[in-house]
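Thank you all for coming. I would like to walk you through one model this morning, beginning with a single residue and then widening the view.

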Amino acid sequence: MSKTHLGHTARKRFGQNFLHDQYVIDQIVSAIAPTREQTMVEIGPGLGALTEPVCELIDQLNVIELDRDLAKRLKTHPFIASKLNVIEADALKYDFNQLIQAGRPIRVFGNLPYNISTPLMFHLFSFADKVQDMHFMLQKEVVNRLAATPGNKNYGRLSVMAQYHCQVIPVIHVPPGAFNPPPKVDSAVVRLIPHQTKPYPVSNEALLNQVCAAAFNQRRKTLRNSLKKELSEAEILQLGINPELRAENLSLADYAALANFIHQKESNT
């Protein structure tokens with residue numbers, strides 16, 4: 001059953017849950033701390049719960065909205081329409097380079113629908129050098145995965161790839177009651193700050209993703225088995241990594257070393 005909120009029906013296919021708790025909204029806007037001289041971008045503004053208070057602090061806001069009805073609402077909004085650049089697009093396919101002005105990095109925020117949060121973050125990581133920071137409301141479990149460290153049950157490919165690109169800082173816990181309709185899970189806001197200089201540079205990021213996927217897709221197996229298509233046991237040992245370990249025992253530095261070794265090997269063949 002969909003719920004109607006301010007005359008708009010939350011659509012299940014867009015994963016819509018609308019934020020309405022004023023205290024939580026104020027906390028999020030304070031965490032984002034938008035200022036006039038920055039290029040601000042909101043993904044999925046919905047009914048404008050964050051859009052309106054952010055517009056009180058700045059003169060122009062870019063918003064990316066896929067739902068046509070919501071985009072139309074924003075374009076005719078009685079108070080903030082003049083401040084909005086409404087982009088009707090799928091954020092998963094959008095070229096964020098279009099928003100770079102005078103070399104200024106963009107600041108991105110949004111209450112992300114669960115079904116697109118992970119692919120959208122991966123898409124944004126490809127623009128990480130143009131992004132100053134990102135603030136996203138996500139399911140708490142996703143924030144736990146982003147911030148997880150080796151040995152933790154939440155640690156996985158998303159943890160490694162996110163931490164390769166960004167510093168990950170969980171900032172606010174948000175209970176289900178802050179939304180309409182209330183989701184069945186807790187949410188949280190995370191701050192992602194792209195690294196100016198990568199702590200563990202990788203020559204080919206696609207290989208880092210590939211190694212993580214191979215290791216974590218078979219996380220119960222030892223590296224000797226999960227990475228056998230990519231590396232021999234001797235090669236893993238050569239890097240000072242124990243092939244008896246499992247995916248969750250390796251640090252970002254280890255994954256970077258594996259990816260760089262494979263790249264070197266492929267370049268030499």
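His 77 sits in the loop that runs between helix 3 (68-75) and strand 6 (84-88), where helices (H or I, at least four residues) and strands (E, at least two) are DSSP runs numbered from the N terminus. Please keep in mind that this is a predicted model, in which local features need pLDDT of at least 70 and side-chain atom pairs count only at pLDDT 80 or more, while totals for chains, interfaces and linings use all residues. Residues are numbered from 1 along each chain as its sequence is written, and side-chain values use heavy atoms, with hydrogens and water left out.

Is His 77 buried or exposed? His 77 is buried, with a relative accessible area of 14%; here buried means under 20% relative accessible area, exposed over 50%, and partly exposed in between, with a 1.4 Å probe and protein chains only. A polar atom of the His 77 side chain lies 3.1 Å from the backbone nitrogen of Phe 79. For a sense of scale, the C-alpha atoms of His 77 and Ala 214 are separated by 48 Å, and these two residues are 137 apart along the chain.

Another buried residue is Thr 51, whose relative accessible area is 0% and whose place is in helix 2 (residues 51-55). Leaving aside neighbours within four places in sequence, Thr 51 is in contact (heavy atoms within 4.5 Å) with residues including Glu 42, Pro 45, Ile 80 and Leu 84.

Let me turn to helix 1, residues 22-32, where the buried residues are Val 24, Ile 25, Ile 28, Val 29, Ala 31 and Ile 32. Seen down the axis of helix 1, these buried residues fall within an arc of 160°, so they line one face of the helix, the arc being that of the directions from the helix axis to the C-beta atoms. The face turned away from that buried side carries the exposed residues Tyr 23 and Ser 30.

Now for some backbone details. Most residues other than glycine have a negative phi, and most peptide bonds are trans. Just after helix 1, however, Ala 33 takes a positive phi of about 50°, and at 41% relative accessibility Ala 33 counts as partly exposed. Ala 102 also has a positive phi, near 45°, and Ala 102 is exposed, with a relative accessible area of 83%. A cis peptide bond, with omega of about -10°, joins Asn 180 and Pro 181.

Which residues have the most contacts inside the largest nonpolar core? They are Phe 96, Phe 136 and Tyr 255, in a core of 59 residues, where a nonpolar core is a set of buried Ala, Val, Leu, Ile, Met, Phe, Trp, Tyr and Cys residues joined through side-chain atoms within 4.5 Å. A second, separate core of 26 residues includes Leu 50, Cys 55, Ile 58 and Val 189.

Finally, the whole chain: there are 10 helices and 11 strands. Of the 269 residues of the protein chain, 48% count as buried, and the C-alpha atoms fill a box of roughly 65 × 45 × 30 Å, taken along the principal axes.

Terms used. A polar contact is a pair of N or O atoms within 3.5 Å; within protein, one must be able to donate a hydrogen and the other to accept it, and residues adjacent in sequence count only if both atoms are side-chain atoms.
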